[in-house]
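Colleague: Let us go through this model term by term. I shall ask what stands behind the words.

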Amino acid sequence: MSDLRPILLVEDSAKDMELTLAALAKCQLANDIIVARDGAEALDYVFCRGIHENRDPGDPAVVLLDLKLPKVDGLEVLEQLKGDAMLRRIPVVMLTSSREERDLVRSYELGVNAFVVKPVDFGAFFEAIQDLGMFWAILNEPPPRVR
Amino acid sequence: MPEATRDLDAICAREPIRIPGAIQPHGALLVFHPVDGRLTQASANASSCLEADVRIGMRLCDLPGGVELSSHLASWDFVAEPVFVRTYEISARRYDVSVHRTPQGAIVEYEPADPPRDGSHAVQYPGTRAFLMQLGHGQSLAELCATVARHTRQLTGFSRVLVYRFDPEWNGKVIAEDGDGTLPSYLDLHFPASDIPAQARQLYLLNRIRLIRTAAYEPSPIVPDTSPVDGRPLDLSMSALRSVSSVHLEYMRNMGTASSMSVSLIVDGRLWGLISCHSAQPHHVGAQARAACELIGQMMALQIGALERAEVASRAVELKQIEVTLLSRLSESLSVVQGLRDNPDLWLKLASAQGAAAVLDEGIVTAGVVPDEAFIQKLAAWIYEQTDEVVATERLGELAPELGAPEDVASGILAVRISQLRANCLIWFRPERVQLVSWGGEPRKVADVQEPERLHPRQSFGTWKQLVKGRSLPWSDIDVLGANDLRNAILNVVLRQAEERSKLIEELQRSNKELEAFSYSVSHDLRAPFRHIVGFSELLRDRNGDMDERSQHYLANIIDAAMSAGRLVDDLLSFSQLGRHSLALANVDVVKLVEEARRTLETEQAARKVHWDVGPLPVVWGDHAMLRQAILNLCSNALKYTRTCEEAVIRIKGEKLQGETVISIGDNGVGFDMAYVGKLFGVFQRLHRAEEFEGTGIGLALTKRIIDRHGGWIKAEGELGKGATFTFGLPVRDKEATT
């Protein structure tokens with residue numbers, strides 16, 4: 001597993017970012033974690049454009065995507081990812097504060113792989129992140145990809 | 001109407017009363033050709049009566065006195081109604097001569113004139129003038145009728161004069177009488193419609209006066225029996241000497257009257273009544289006196305019309321005032337229902353009714369004395385079936401026996417439909433008014449046993465009393481008008497309220513949208529800070545395992561507080577979301593929901609001793625997710641408030657009733673004081689301190705909202721220290737309810 005692919009965390013809130021990173025750190029994952037602070041940046045990353053034009057090639061192992069984002073919101077990012085024939089295979093986990101049913105329904109319609117409502121209880125949040133990290137970043141073998 | 005009576009009336013209707021082919025023999029009748037003026041027909045008695053040789057083909061001037069008469073007639077315009085020309089002395093006898101024109105020729109009638117005593121205008125004029133002077137001086141109808149009866153008797157010399165008034169079914173009632181005592185009094189007696197058949201009434205409209213000098217006459221036939229002009233029998237509709245039906249003569253003989261005269265009272269083109277004069281002996285009234293009587297009848301009819309219109313007008317003014325008041329109050333009130341409910345007196349007065357009901361979408365509103373609701377529903381359905389917009393009857397029992405109307409409340413109804421699409425209507429009720437009606441003899445004609453085609457009038461005119469039941473006072477045109485106006489007003493109010501409602505709905509939708517946006521942002525932004533507090537506090541604790549006890553306690557409090565604030569936000573959100581989500585209705589197995597709730601809760605309460613007493617539970621019709629939440633809340637409550645019990649007992653029961661399914665969840669916990677039962681289901685209402693029993697105070701409010709959204713009900717019963725029982729009912733599926 002020498003080429004562990006990175007995890008892309010898309011999160012605008014500094015505090016949430018810090019907490020998520022702390023949780024991920026606790027999981028002791030070896031993956032790099034790339035942080036995008038808004039939807040546009042996340043798209044630049046996956047499409048290798050803008051500031052990420054010259055990044056190392058390769059898709060992230062998993063995208064942890066906040067729903068409410070500046071510029072381009074989470075649902076739109078999801079839509080673009082899942083609308084791309086290549087990128088649609090990247091697992092996307094929607095992380096959100098929202099308990100709104102319509103967000104959940106819309107996310108699944110767009111092909112989200114998991115939907116997690118961030119619990120207020122940090123213990124529960126930690127467990128969720130840990131499970132997700134383990135599953136998507138390590139266990140889940142990506143389909144072979146032709147470039 | 002009984003079969004036999006209808007047959008008899010049919011026979012009556014066939015009586016050829018306009019073309020009897022004969023006249024009463026006290027006078028003579030001649031018919032002169034409309035073109036050549038030659039005699040075409042004459043009564044058989046003409047020659048003897050006029051003491052002249054009357055021959056077909058002769059001219060009027062060939063007759064005794066004819067030269068003078070025909071020169072007179074030449075200066076007259078012939079008219080359709082008989083015109084009294086003058087009194088002639090022919091062969092030493094005095095004759096009153098009348099003339100009228102028909103398509104079959106000019107009909108000249110000779111009658112013996114009254115002796116000069118009361119036969120001259122000079123005598124009649126002062127009496128008639130006195131009568132006319134009395135008219136229009138604020139007389140009531142009763143006074144007017146009495147005056148007319150008295151004056152007519154003076155004028156004609158009959159023994160008894162009656163004023164006879166028709167009811168809407170053409171039964172007659174004697175409302176005034178003047179007599180010399182030789183004939184029995186008929187005052188206040190009723191006479192059935194069959195006494196004066198329809199075709200006779202028709203003739204009364206046309207020819208306003210009719211005299212029968214003696215009931216025992218031998219008719220004098222018209223010769224020849226058909227007119228050479230058109231080959232038909234002579235039309236005697238307008239003739240003064242017309243011979244009447246033999247049935248009528250028999251009727252008169254049975255009544256003990258030998259002579260009679262009738263004057264029509266025609267009000268606004270309708271036969272209102274008759275002035276009916278009788279004597280036990282044959283009696284003659286000359287043409288001049290008859291003309292005076294006819295004039296009196298016309299004057300009286302005009303006066304009656306004026307009186308009726310005045311009555312209608314004053315009632316209309318009164319009603320209009322009631323209506324205006326009621327309508328203004330209706331439009332001020334929140335709803336039609338409220339407006340009617342608040343003004344029962346006006347509502348009843350509008351149609352002078354004892355009871356009133358409005359069957360509306362919102363339900364039934366009533367005022368005064370009304371039948372039970374089930375009957376009103378049934379009646380509304382029946383009214384909806386009727387073709388007319390307005391149903392006004394004083395005998396509902398007879399009109400619709402299948403309804404089984406309670407006579408003491410609803411003998412009469414006045415109903416107007418409000419909606420074309422639904423059985424919505426306004427109904428006014430009048431109770432039965434039992435009436436003792438005195439008939440002038442039993443109101444039945446008798447068919448001849450030997451000759452069924454031959455008809456005999458009734459024999460007896462002795463007073464025959466009848467108890468009339470199942471009828472209310474009849475509804476007047478004004479009542480119907482008032483009812484219609486209220487109907488229109490209600491439609492207006494309903495329309496206006498619909499407009500207001502749609503505006504309100506628009507506003508509500510807008511504010512709902514705002515609320516939705518608000519709660520959406522709350523769900524994102526309000527939860528986050530709590531999450532951050534908890535998260536960073538945890539991180540802080542992790543990094544400082546060696547924190548002193550007090551610091552650890554403070555940190556634990558911070559985490560606790562933030563967590564419960566987070567839960568509160570979550571609970572509030574689910575509460576607000578409940579109203580927005582539509583129900584996904586399906587059959588829901590309550591047994592499964594209870595099992596699920598038990599599993600969820602037991603993991604939290606593993607150490608406790610809890611006895612679950614779950615009876616057989618029915619399947620209910622509802623939203624699975626919502627009901628799961630409701631059952632979970634109630635079970636969780638039961639478990640929470642039995643925490644202090646050594647052994648908690650939770651009983652869950654259910655049963656399917658008519659139209660609803662009822663589930664109850666009871667416990668033996670701390671219970672509550674019934675004084676606070678009203679607060680139990682409110683948001684943030686707590687009956688215990690937070691330290692005793694945790695919770696946000698939303699659980700029961702949420703549960704109630706779930707049940708409400710299903711159209712069900714929920715109640716709580718409890719006693720301090722003895723436990724509480726929550727019971728809710730859910731309506732069964734619509735389809736089941738109707739089958």
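Colleague: Which residue in E27(B) is the bridge partner of Ile652(B)?
Modeller: Ile665(B) is that partner. This is a predicted model, so local features need pLDDT of at least 70 and side-chain atom pairs count only at pLDDT 80 or more, while totals for chains, interfaces and linings use all residues. Residues are numbered from 1 along each chain as its sequence is written, and chains are lettered from A and ligands numbered from 1 in the order in which they are written.

Colleague: What makes E26(B) and E27(B) a pair, and in which sense do they run?
Modeller: Pairing takes at least two DSSP bridges between two strands. Strand E26 (residues 648-657) and strand E27 (660-667) of chain B have eight, so they pair. The sense is antiparallel. They form a hairpin with two residues between them. In the turn, Gly659(B) has a positive phi of about 85°.

Colleague: How do E24(B) and E26(B) pair?
Modeller: Strand E24 (residues 610-614) of chain B pairs with E26(B) in the parallel sense, over five bridges. His611(B) stands opposite Val649(B) there.

Colleague: Which residues is Ser664(B) in contact with, beyond its neighbours within four places in sequence?
Modeller: Contact requires C-beta atoms, placed from the backbone, within 7 Å. Lys653(B), Thr725(B), Phe726(B) and Thr727(B) meet that test. Ile652(B) is twelve residues away from Ser664(B) in sequence, yet 5.7 Å away in space, C-alpha to C-alpha.

Colleague: What makes H6(B) roughly antiparallel to H9(B)?
Modeller: Their angle. Helix H6 (residues 141-156) and helix H9 (residues 287-332) of chain B pack at about 180°, with axes 11 Å apart. Angles over 145 degrees count as roughly antiparallel, under 35 as roughly parallel, 65 to 115 as roughly perpendicular and the rest as oblique. H6(B) is therefore roughly antiparallel to H9(B). Among the residues that meet are Leu141(B), Val148(B) and Leu155(B) in H6(B) and Ala289(B), Ile296(B) and Leu307(B) in H9(B). By class, the contact has eleven nonpolar, four polar and no charged residues.

Colleague: How many residues of chain B are in contact with chain A?
Modeller: 17 residues of chain B touch 16 residues of chain A. Helices H15 (477-525), H16 (527-543) and H17 (549-580) of chain B each give two or more residues to the chain B side. H16(B) has the largest share, nine residues. The chain B side divides into eight nonpolar, five polar and four charged residues.

Colleague: What pattern does chain A follow along the sequence?
Modeller: β-α-β-α-β-α-β-α-β-α. Chain A has five helices and five strands. Of its 147 residues, 38% count as buried. Among contacts between residues at least 6 apart in sequence, 67% join residues at least 24 apart.

Colleague: In what order do the five strands of chain A form a sheet?
Modeller: E2-E1-E3-E4-E5, an open sheet with parallel pairing. What makes E2 (33-36) and E5 (114-117) edge strands is that each pairs on one side only. The twist averages 20° from one strand to the next. Strand E4 (residues 92-96) of chain A joins E5(A) through four bridges. Val93(A) stands opposite Ala114(A) in E5(A). H1(A) packs on this sheet, touching E1 (7-10), E2 and E3 (62-66) of chain A, and its direction makes about 170° with that of E2(A).

Technical notes: Contact = placed C-beta atoms within 7 Å. Nonpolar A, V, L, I, M, F, W, Y, C, P; charged D, E, K, R; others polar. Buried ≥ 20, exposed ≤ 12 C-beta atoms within 10 Å, placed from the backbone. Axes fitted to C-alpha atoms, helices over the stretch in contact; angles between N-to-C directions.
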